[in-house]
Amino acid sequence: MKESFLSASDVQIVRALQNDEPGSFDQLIRQYHAQMRIVAAGIVGDAQAEEVVQEAWIQVHRNIKKFEGRSALKTWIYSIVSNAARSRLRSEKRHRMPVSDLPGSAYGDERYEADGHWRSPPPEWDIQSPEGLLEEQQLRQCIEKTLRSLPDTQKAVFSLRDLEQLPLSEICNMLEVSESNVRVLLHRARVKLMQVIDHYQETGTC
């Protein structure tokens, strides 16, 4: 197994999985299931996401012994679930994205140009500030609630980029969304979450 793309923890769990160590697959499910569901929902919608994830787990289990570490483990897993989701769409001959996520659907807003780009871009997500704020349980609950309420594709883009730190190119491939659309969706999610943080700082409530 090539290990150049794997973290020490990934090397450990991959070896455990490939050696059929008891509990190793359960550990993998606990670690990645929630994010896999977000990725699946971003492609097929929330209603079918769980079923797609279950199909993806079967593929992960069947193929883990062939995994050679040529990509990060999470990238490999998210690629499997995104492929499973796209296969589901093709099998049903139903290609769709939530209308609220499509560029142009909300560009009457004065913050956007006619082509969907920001007139005045919001500040970049300060990764240190949210981490400090998240120490407060009430705000963490507010942010988690807001994340759950985001449109499926928007939530997937935010989770893959800002939580999982995947490159934009990988996110585009997984979700089959153009880079310009990914940037718009990411900005929208960041702005929504920053509004929640700002409101909490001002009022102490969600």
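**Exercise 1. Find which helices the buried residues of α3 pack against.**

Step 1. This is a predicted model, in which local features need pLDDT of at least 70, side-chain atom pairs count only at pLDDT 80 or more, and totals for chains, interfaces and linings use all residues. Residues are numbered from 1 along each chain as its sequence is written, and side-chain values use heavy atoms, with hydrogens and water left out.

Step 2. Locate the helix. Helices here are DSSP runs (H or I, at least four residues; strands are E, at least two), numbered from the N terminus. Helix α3 covers residues 46-63.

Step 3. List its buried residues, where buried means under 20% relative accessible area, exposed over 50%, and partly exposed in between (1.4 Å probe, protein chains only). They are Gln-48, Ala-49, Val-52, Val-53, Ala-56, Trp-57 and Val-60. An α-helix has 3.6 residues a turn, so residues three or four places apart point the same way.

Step 4. Look for contacts, meaning heavy atoms within 4.5 Å. The buried residues of α3 pack against α2 (24-44) and α4 (73-92).

Step 5. Check the span of the helix. The expected value is 1.5 Å times one less than the number of residues. With 18 residues, α3 reaches 26 Å from its first C-alpha to its last, close to the 26 Å expected.

**Exercise 2. Determine how α7 and α9 are arranged.**

Step 1. Take the axes as lines fitted to C-alpha atoms, for helices over the stretch in contact, with angles from 0 to 180 degrees between N-to-C directions. The axes of α7 (residues 152-163) and α9 (residues 179-203) come within 8 Å and cross at roughly 85°.

Step 2. Classify the angle: under 35 degrees is roughly parallel, over 145 roughly antiparallel, 65 to 115 roughly perpendicular and the rest oblique. Helix α7 is therefore roughly perpendicular to α9.

Step 3. Name residues that meet. On the α7 side they include Val-157 and Phe-158, and on the α9 side they include Leu-186 and Leu-193.

**Exercise 3. Is Asp-20 buried or exposed, and where does Asp-20 lie?**

Step 1. Asp-20 is placed in the loop between α1 (8-18) and α2.

Step 2. Asp-20 counts as exposed because its relative accessibility is 53%.

Step 3. Although not a glycine, Asp-20 has a positive phi of about 55°.

**Exercise 4. Summarise the protein chain.**

Step 1. The chain has 9 helices and 0 strands.

Step 2. Of its 206 residues, 45% are buried.
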